[in-house]
Each structure stands twice: as C-alpha cells, then as structure tokens.
Amino acid sequence: MEHSTYKKWSAEFIGTFWLTLGGCGSAVLAAAFPGVGIGLLGVSLAFGLTVVTGAYALGPISGGHFNPAVSIGLAAAGRFKAGQLPGYIVSQVLGAIAAAGVLYLIATGKPGADIGGFATNGYGEHSPGKYGMTAALISEVVMTAVFLIVILGATAKRAAAGFAGMAIGLCLTLIHLVSIPVTNTSVNPARSTGPALFGPSYAVSELWLFWVAPIVGAIIGAVIYRALLSSNDD
C-alpha cells in the first residue's frame, strides 16, 4: 500500500522527534542523574531503542529514515527517489527542532536548572574527550558509512524478514558506544540541528561538520554497498 506524501512526511517528523527526544533526552535528563544515572551505555541504548521502536511503528509508512543522511544515502544507493528528499529532510529537521524545544522546556523546569551542553555535538574543546576536528570528521564519516551499509543490508530483499529494525537499532547503539567520547555522536544532521538551536552558542558554529560528515559518510556507504555487496535481488 502506497501512503500519501503527507503521511510519509508526518511519519518522518514523528520518528525524528522521537529519536531526538528519546536519545538526547536520555543524555540531558538521565545520564548523570544522582545515584541512578544511566551513563554512556544507557544513552547509547536509548538512541538505539528510539530507532527500533520508530522503525517498526512508522517504517511501514515512510521507510523509517528519521535522518537526512540516511535519506540521501538511500537515494545514492537507488533505494529512494531523489525527488522526495526535500520533503523528507524538512520533516526530519522540523521534528528534531520540535523535540529539542520540548526537551528544553522539560530540562529548564526546575529551580537552578543547568542544561550544560544540551546533548549537542562538537569537536576540540567541545568534544567530550577533547578530540580535534580531524578525528571528529573521520569518526562521523566512517560511522555513518557503516550505518548505511547495515541499513542497506538489513533491508535488502534477501535479508531475514522482520529483523531490519532490530539490526539498525543495535547498529546505532554500537555507533554511540564507540563515538560518544569523540563527538557526542551525530551520524544524523537533524539530531544535531535541534539541540544546537537551544544549546550553547558554539554548537551552531560547529554544526556544519555534523551535516557534511554524515552526508559524505552516507554516500560513501551507499557506493561501497552498491559496488561490493549488492545483488540483483536487492
């Protein structure tokens, strides 16, 4: 069944809203909560769970991209019509901004609230581990490339039916486990944009990297998959 464009855009808005609110919300509200904070492992798992739940609930409507880099990578791989990119990307970015706005209202809703870095992405002095721009760029490109390869493989016709959402969500969890210390993990320009608009001013000045690197990585992943791994059944 082919869903209307409006329904697809709505699904992408809601899915990206959920990814940003669930993932970034876990970092802002729960990661360091006194005594029972979920830490890096919990935040990584939260991002993965948003994708798993979103993929199964909304994937049948829009494909469950929730990420401009994923949409562009799928288009580069021939799995998505390039003409649909503007609507998807706008929906994703708006969903992330709306989620960041909701999170900001929650996070500032107590006396003496301090939002800190507000789950923004950064490099150099603004990297959790003080990693420089080159390390951040390499991390985001490579992680997004692998993410696209996993997405393309898990959603191929020859793949086991019904397990794509789980594989993709677990991949995103692993990506966060590896790269949170480097950039706070983006691999998603929309997820980076929402918090940057409500967080510290430096986040906007460094936002370019978290658009360029994930998109370049997604295209590289698509090219690698098509050149080395795809089959006629894909």
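Is serine 127 buried or exposed, and what is its relative accessible area? Serine 127 is buried, at 2% (buried means under 20% relative accessible area, exposed over 50%, partly exposed in between, with a 1.4 Å probe and protein chains only).

This is a predicted model, where local features need pLDDT of at least 70, side-chain atom pairs count only at pLDDT 80 or more, and totals for chains, interfaces and linings use all residues. Residues are numbered from 1 along each chain as its sequence is written, and side-chain values use heavy atoms, with hydrogens and water left out.

**View 1. Serine 127 sits in the loop between helix H4 (85–107) and helix H5 (133–154).** Helices (H or I, at least four residues) are DSSP runs, numbered from the N terminus. Leaving aside residues up to four places away in sequence, serine 127 touches Gly122, Pro181 and Val182 (contact means heavy atoms within 4.5 Å).

View 2. Rings of Phe, Tyr and Trp (its six-membered ring) pair if their centres lie within 6.5 Å; planes under 30 degrees apart count as stacked, over 60 as edge-to-face and the rest as tilted. Tyrosine 104 belongs to helix H4 and phenylalanine 118 to the loop between H4 and H5, so this pair ties together parts 14 residues apart in sequence. Phenylalanine 118 is buried at 1%, while tyrosine 104 is partly exposed at 32%.

**View 3. Tyrosine 104 also forms a tilted pair with phenylalanine 198.** Here it's 5.9 Å centre to centre and 35° between the planes. Phenylalanine 198 lies in helix H7 (residues 189–198), 94 residues from tyrosine 104. Ring pairs link Tyr104, Phe118 and Phe198 into a cluster.

Methods
Helices (H or I, at least four residues) and strands (E, at least two) are DSSP runs, numbered from the N terminus.
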